[in-house]
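Student: I would like to go through this model term by term. For each label, I want the cut-off behind it.

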Amino acid sequence: MSGGTLIALALLIPLAGAGLIALSWRRPNLRESVTIATAVLLFAVNVRLAIGVLDGETPTLRVVEPVEGVPIAFAIEPLGMLFGLVASFLWIVTSFYSIGYMRANGEARQTRFYACFALALGATMAVAFSGNLLTTFIGYEALTLTTYPLVTHHSDAKSVRAGRTYLGILLGTSIALLLPGIVATWMLAGTLDFRAGGILSGTASDGVVLLLLGLYMFGIGKAALMPIHRWLPAAMVAPTPVSALLHAVAVVKAGVFVALKVIVYVFGIDLLNSSGAGAWLVWIATITLVLASVVALTKDNLKARLAYSTVSQLAYVVLAGALATQWGVLGGGMHIAMHAFGKITLFFCAGAIYTALHKTEVSQMGGIGRAMPVTMLAFLIGALSVAGLPPGGGTWSKWYIALAAAETGHLVIVGALMLSTLLNIAYFMPIVARAWFAPRAAIHPARSAGAMAAPDGGEGLKEAPLFCLIPLSLTALGCVALFVFASELETFLAPMIDGLSTKGR
Amino acid sequence: MGEHLPILQVILPLIAAPVCLLIRHAVLCWLIATLVSWVCLAIAILLLLQALEGGAIRYQLGSWVAPWGIEYVVDRLNGFILVIVAAIGAVVTPYALRSVAEELPERQIGLFYVMYLLCLSGLLGITITGDAFNVFVFLEISSLSSYALISMGRHRKALHAAYQYLVMGTIGATFFLIGVGLLYLMTGTLNMADLAEQLKPLAGSRIVLAAFGFIVVGMGLKLAVFPLHLWLPNAYAHAPSAVSVFLAGTATKVSLYVVLRFIFTVFGFEFSFVGQPFGPALLVLAIAGIVVCSLVAIYQDNVKRLLAWSSVAQIGYMLLGLSFATALGLQAGLLHIFNHALMKAGLFLAMGCVVLRLGSCRIEAIAGVGRSMPWTMTGFLLCGLSLIGVPLTAGFVSKWYLVLAALEKGWWPVAALIVLTSLLAVVYIWKVVEAAWFRDPPGTAGRIGEAPLVMLVPLWIVVAANLWFGFETSGSVDVAKAAALALMGAVE
């Protein structure tokens with residue numbers, strides 16, 4: 001099959017899947033089978049595409065041209081391929097997890113849930129494979145709209161309010177900032193295609209480049225740079241599988257992925273260096289990554305803590321891009337994959353804890369390690385990976401980002417990265433420590449009757465259903481695998497930085 | 001036969017109207033109206049194709065040679081408008097069968113189609129004629145029939161709305177007539193092409209300037225330019241659903257066409273834009289209209305009213321394109337006439353379906369209606385996205401060219417404003433979408449079903465058009481471009 005056909009398949013499979021899911025609403029088992037089948041098919045297509053990309057191909061697909069010179073077109077470069085692979089693989093895992101989570105918690109409106117999930121993945125594919133800024137923008141907006149029903153899944157006043165924040169910030173920034181940025185790019189460069197080395201060099205003065213960079217970086221609200229990060233904690237009202245795949249992987253990674261792509265293929269890191277426009281972005285990202293970690297410390301709700309941790313980790317990627325060196329771009333690209341595995345593990349664990357023990361607050365989690373040993377072990381691995389410590393894959397991406405900071409002489413930022421790692425430890429380790437070492441008596445007795453077998457503070461094992469447990473073990477193993485096989489990832493991304501003529505390497 | 005198409009375009013509905021009056025049978029009248037509307041659409045398309053290929057078509061009524069006799073002229077600009085008007089008509093009539101039967105008392109239904117046919121004939125006549133006084137005649141035909149149509153709304157408020165429109169509309173028409181009278185006084189001719197010739201040496205004349213003012217303000221009233229728009233929200237909100245669709249898609253568009261025709265063809269670009277600050281004045285009014293009316297739309301509880309306020313704001317975008325006084329701006333404005341007809345017709349069609357089933361289109365009444373009428377509300381959502389200007393819909397294309405036109409002039413703040421006001425559209429469209437899809441239906445509501453197919457099909461034809469013209473834009477963009485260049489061509 002040609003690359004174009006495969007791209008079309010990658011876009012249509014989730015769409016068709018959503019349709020079939022909606023049609024099979026009467027039979028939950030069939031419906032979930034459709035979800036799994038769709039996810040597996042999508043991953044297979046991604047693997048097939050990735051083989052081509054590894055061979056140096058650039059699969060392309062051109063759909064239509066609504067306005068002159070700006071087609072709806074797709075072209076896959078290594079970073080997008082990596083993003084597509086990660087998202088589609090984790091969708092399979094999440095689908096299994098969702099079955100366990102949604103059924104164990106007796107959630108309503110499950111058909112809408114699975115259908116929107118499939119649609120959101122379709123939008124993610126569109127973002128990952130997009131060949132120009134307009135196509136990216138369409139996928140980006142579609143992703144916002146298709147995830148809205150998932151965020152407001154519970155349909156109570158709280159989730160509707162959170163949904164408004166979510167939609168308001170994401171749509172607002174993208175239309176008010178990103179779209180003007182795209183139009184201005186079109187006016188200046190006469191094209192919206194992603195090209196190695198960027199399309200803006202030599203078309204605008206330094207001041208305009210600075211302004212454009214601002215429009216892009218704050219317009220891409222999904223990258224959650226402070227002060228436009230509020231939507232992400234708000235999105236945590238969603239069921240945990242949504243937080244896990246969408247608000248730790250697909251949506252937020254779409255944000256930093258687009259940010260990175262804009263930096264590399266629209267501005268070009270040479271232009272960013274020569275115009276000095278990246279300087280302020282470096283600092284905003286640094287401030288975000290430290291501040292968000294501090295805020296995470298103050299959160300007792302586990303999911304909120306994870307959300308702020310995500311805000312901090314996203315800033316790593318933006319920082320990596322803003323440093324504008326080969327190491328930085330490589331580190332940023334790798335961090336997208338590394339953090340995806342680490343954070344999805346943590347969210348899976350949070351959901352498993354909620355499913356098995358109905359606990360959401362960190363302060364209630366004393367002694368749960370004895371009831372849920374597998375879950376808490378996975379949590380430990382995920383936490384280490386996110387903090388950037390062995391044996392987690394996050395080690396390597398942080399390593400490269402720190403290298404980039406050192407190389408460009410930003411010693412303060414190297415310090416900030418280390419401080420952030422410390423803060424990561426400070427907000428993750430107490431959870432693990434409390435789970436293993438705090439006395440079980442600290443458990444609040446207030447919970448619904450009948451859901452737990454041993455509420456007496458005994459040593460009874462009480463893991464979440466297998467449908468939850470296996471996925472979270474898998475992703476934890478993934479974190480370790482990424483630590484061991486990081487060089488493969490590096491090879492995969494290498495073509496992206498080959499053309500870059502900056503110092504380093 | 002072929003050479004008589006221009007007159008057939010107008011005379012067919014004009015003759016069909018009294019025929020319907022004699023018949024008075026609801027379904028028979030509907031059948032006649034539908035057939036006539038479709039034939040009109042076919043004629044309009046043929047005329048546009050001829051005009052695009054062979055240049056302007058000139059048709060002398062009764063073979064009286066212009067400028068003494070009345071002349072019908074079809075060029076790219078009004079060929080384009082004719083197609084818009086006829087297409088909306090052709091979509092509305094099948095839809096009206098159920099909608100009107102539900103909303104009007106039995107004995108009025110026949111009369112409804114009489115008035116509709118007169119209105120269609122008037123609007124087509126305004127567009128096709130090349131004679132200034134003839135414009136006034138058709139303007140009155142379309143206006144009087146539309147007052148009657150609006151007053152057929154099922155609430156008493158419809159009478160008040162129609163009366164309000166009647167007063168404002170009559171002032172507008174009178175102003176227009178005064179303007180035409182002044183022009184006749186100065187030149188002794190009513191033929192537009194001849195007027196253009198005769199007015200050239202009179203550029204400095206105060207009287208011509210006064211005529212310009214009367215005509216622009218008069219048509220501005222019919223066109224609902226901010227701040228002359230106050231009749232419109234009530235009229236659209238209280239009219240029968242089918243009438244809201246028809247008027248929202250056609251009436252203001254035709255008025256805008258008359259403004260364009262006069263300022264470009266009759267008075268000329270030099271006189272209108274160079275000799276006086278018409279562009280800046282229009283710019284200010286357009287921006288004020290866009291901002292104020294979008295804000296007002298956000299606070300409406302009745303969805304039809306909300307859409308009506310949004311219409312006034314959208315008229316602002318069309319005028320904005322015009323106010324740039326460049327070919328690209330004009331092209332964007334013309335494109336938005338077409339695209340807005342599509343999106344607003346779609347939105348009103350969807351609301352008509354909701355009214356049919358719920359008897360109301362207040363925000364609290366439509367809570368949860370997305371679940372019981374998924375096709376209708378999906379159509380609403382898609383047309384709403386088009387209104388916002390989301391890529392892959394028609395609305396995006398016109399906004400794109402509008403922004404480009406603003407940037408071409410170097411007006412960054414205006415471009416930013418176009419984008420920012422789209423956000424206001426997001427807010428008011430989302431308000432409806434949230435109520436329809438994400439709220440639980442009120443407990444008192446019984447089971448309601450999807451709208452009948454005869455209404456859904458027209459709705460989805462319009463929805464498909466919104467998507468089609470967002471994908472495959474060569475047709476609409478090229479025609480708008482050709483028309484804009486033809487208008488501006490008089491300049492260079």
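Student: What share of the 492 residues of chain B counts as buried, and what makes a residue buried?

Tutor: A residue is buried if 20 or more other C-beta atoms lie within 10 Å of its own, exposed if 12 or fewer, and partly exposed in between, with C-beta atoms placed from the backbone. In chain B, 61% of the 492 residues count as buried. This is a predicted model, in which local features need pLDDT of at least 70 and side-chain atom pairs count only at pLDDT 80 or more, while totals for chains, interfaces and linings use all residues. Residues are numbered from 1 along each chain as its sequence is written, and chains are lettered from A and ligands numbered from 1 in the order in which they are written.

Student: Why is Ala224(A) called buried?

Tutor: Ala224(A) has 31 other C-beta atoms within 10 Å, so it counts as buried. Its place is in the loop between H7 and H8 of chain A, where helices are DSSP runs of H or I with at least four residues, strands are runs of E with at least two, and both are numbered from the N terminus. Phi of Ala224(A) is near 55°, a positive value in a residue other than glycine.

Student: What makes Ala324(A) buried?

Tutor: Ala324(A) has 27 C-beta neighbours inside 10 Å and therefore counts as buried. This residue is found in the loop between helix H12 (302-323) and helix H13 (326-357) of chain A. Phi of Ala324(A) is also positive, near 60°.

Student: Why is chain B called as compact as a globular protein of its length?

Tutor: There are 20 helices and two strands in chain B. The radius of gyration of chain B is 21 Å, close to the 23 Å that the globule rule gives for 492 residues, so chain B is as compact as a globular protein of that length. The radius is taken over C-alpha atoms, and the rule is 2.2 Å times the number of residues to the power 0.38.

Student: What is the largest nonpolar core, and what makes it a core?

Tutor: A nonpolar core is a set of buried Ala, Val, Leu, Ile, Met, Phe, Trp, Tyr and Cys residues joined through C-beta atoms within 7 Å. The largest one has 411 residues, and Val318(A), Leu319(A) and Leu117(B) have the most contacts inside it. Helix H9 (residues 240-267) of chain A gives the largest share of this core, 21 residues.

Student: Which residues does Leu319(A) touch?

Tutor: Contact means that the C-beta atoms of two residues, placed from the backbone, lie within 7 Å. Not counting residues up to four places away in sequence, Leu319(A) touches Val282(A), Ala285(A), Thr286(A), Leu289(A) and Ile401(A).
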